[in-house]
Structure formats: C-alpha cells, structure tokens
Amino acid sequence: MSEGEGVGAKVLAERIKPISKIRAAVLASSEGSQDVVAGPWPSGTSATADTVSVASALAGGAPVGSHHLLEAMLRTEDSMAAKVLRALGVEPDAVAAKIDELDPETTTDANPEEAAARRMEIRLVDDEVHLILRDPTTVTNAKKVTELAGGPIQGVGPAAGMFVPLWRSTNQLLLQIQRVLEPEPEPEPEAEGGSAASNVAKVVRTVLAPRLRR
C-alpha cells in the first residue's frame, strides 16, 4: 500500500476504496501494533517465508515484483495478510486476472526481462518447435546478425556449441511447464501436511496451470 505505484498497489486500489482501509484493518487485526521505521528486511514468520518463496516461484527467475508478493500473500493460507485482504473482499483469482490484464511497464514494477518474456511464445508447427521472441532488442540483434550472415543462422559446425545453451534452456522450460500442467500426483500417506517446498509447488501449480491452458 505504501509503495503506491506498483502493480500490486494498483490492483488493490481498484478493489478497496479508500485504500487506507487496509492499514486500518491490519492495525485492528494485530492488537497493539505500532509504527516502525523501515530498515533492513527483518527475520520473518513462517507465513512470511512461505509468501516470499511463493512470490519467487511466481516470478520464475525474473525480479520479484509487488504483484508477485500481493498474489503470494493471498495464496498463503491462514496468514494475517490473506485474512485481512479477504475480509476486505479481495479474492485471489480476481487479483490474478487483474495482474495479467495490467501492463507492468506503466508501473514501478517494470523490468526489461519480464517485458521481453511477456512477448515470447513457444509454438508447435508440424514437427517443428518455433521459439518466438518479439521484444525490440532481440529483433534488432537478430536483424543485424542475419544481415551479417546473409541469411538464417543454423546450429552447424562451430556454431553448434553456441546453440547448446539455448537448446538446454528451452527443454528445461518445456519440462517445467509440463510439470505444472500434468495432473497433481497423489500425496504420500505418511507425508500429511507436506514440506514447505511441496506446499509452494502446489500453490504455484494451482496459480499457473489455469493461466497456461487455452
């Protein structure tokens, strides 16, 4: 709420008017709370650790934004943040839809990596996998390289080694997406409750699977 200009703040501002109601609800829910001076990130509760883990997983390697933290807070069951936001009528699925609708480039959550990723696509055409990148930087670089080479660049001869990291990363991405989309395995009987890592994986699967399917 205090940050103000990120995706998370804009999503909340549309659903809670005035947005200062969040602060009042938090203070009312945590008796005796006092204002504190912002400083280095302190040691947190288990809910904080879960929220940060889920936010990092939702970011998927990109910088963690306020929208990742907002959705992670709502998805962390039984946390203070989830209870306050839901009591104010903020539902996780509605927030997720709004986050996907907003353009981070108009906020302080803008970063070049996520902007480029949002314009990428993997498409299967017959027996060919087409990896499509549309961001201006990559398009400009590709134009320059194909101009210098006089045509498409292929992974043959000495260039084969240059293509290996791209091949490896693409297959790792496809396997990661496959794990998200496949039916969730039945939990082991003795693993009731599950580990923190498995709980985070479950939340990420729940969040990402519907957004990946068409």
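**Entry 1. Contacts along the chain**

I started with contacts in the protein chain between residues at least 6 apart in sequence: 51% of them join residues at least 24 apart. I note that this is a predicted model.

**Entry 2. Overall make-up**

I looked up the elements next. The protein chain has 10 helices and two strands. From the N terminus on, I read the order as α-α-α-α-α-α-α-β-β-α-α-α.

The accessible surface of the protein chain is about 14700 Å². Carbon and sulfur atoms hold 58% of that surface. Of the 214 residues, 25% count as buried.

**Entry 3. The nonpolar cores**

Which residues make up the largest nonpolar core? I found 10 residues: V11, L12, I16, L70, L74, L85, V90, V95, I99 and L102.

Setting aside residues up to four places away in sequence, V95 touches V11, L70, L74 and V90.

There is a second, separate core of eight residues. Among them are A55, V200, V203 and V204.

**Entry 4. α4 against α5**

I checked how α4 sits against helix α5 (residues 80–87). Their axes come within 7 Å and cross at roughly 90°. An angle of 65 to 115 degrees counts as roughly perpendicular, so α4 and α5 are roughly perpendicular to each other.

I then listed the residues that make the contact. From α4 they are L70, M73 and L74. From α5 they are A81, A82, L85 and R86.

**Entry 5. The hairpin**

I moved on to the strands. Strand β1 covers residues 121–125 and strand β2 covers residues 128–132. They pair in the antiparallel sense, over five bridges.

Which residue of β2 stands opposite V125? I found E128 there.

β1 and β2 form a hairpin, with two residues between them. D126 lies in the turn, and its phi is positive, about 55°.

**Entry 6. N111**

My last stop was a loop residue. N111 is found in the loop between α6 and α7 (112–117).

Is N111 buried or exposed? Its relative accessible area is 10%. Buried means under 20%, so N111 is buried.

What does N111 touch, leaving aside its neighbours within four places in sequence? I found contacts with P63 and E105.

Definitions and conventions:
Residues are numbered from 1 along each chain as its sequence is written. This is a predicted model: local features need pLDDT of at least 70, side-chain atom pairs count only at pLDDT 80 or more; totals for chains, interfaces and linings use all residues. Side-chain values use heavy atoms; hydrogens and water are left out. Two strands pair if DSSP finds at least two bridges between them. Helices (H or I, at least four residues) and strands (E, at least two) are DSSP runs, numbered from the N terminus. Buried means under 20% relative accessible area, exposed over 50%, partly exposed in between (1.4 Å probe, protein chains only). Contact means heavy atoms within 4.5 Å. Accessible areas come from the Shrake-Rupley method with a 1.4 Å probe; for residues, only the protein chains shown count as cover. A nonpolar core is a set of buried Ala, Val, Leu, Ile, Met, Phe, Trp, Tyr and Cys residues joined through side-chain atoms within 4.5 Å. Axes are lines fitted to C-alpha atoms, for helices over the stretch in contact, and angles run from 0 to 180 degrees between N-to-C directions. Angles under 35 degrees count as roughly parallel, over 145 as roughly antiparallel, 65 to 115 as roughly perpendicular and the rest as oblique.
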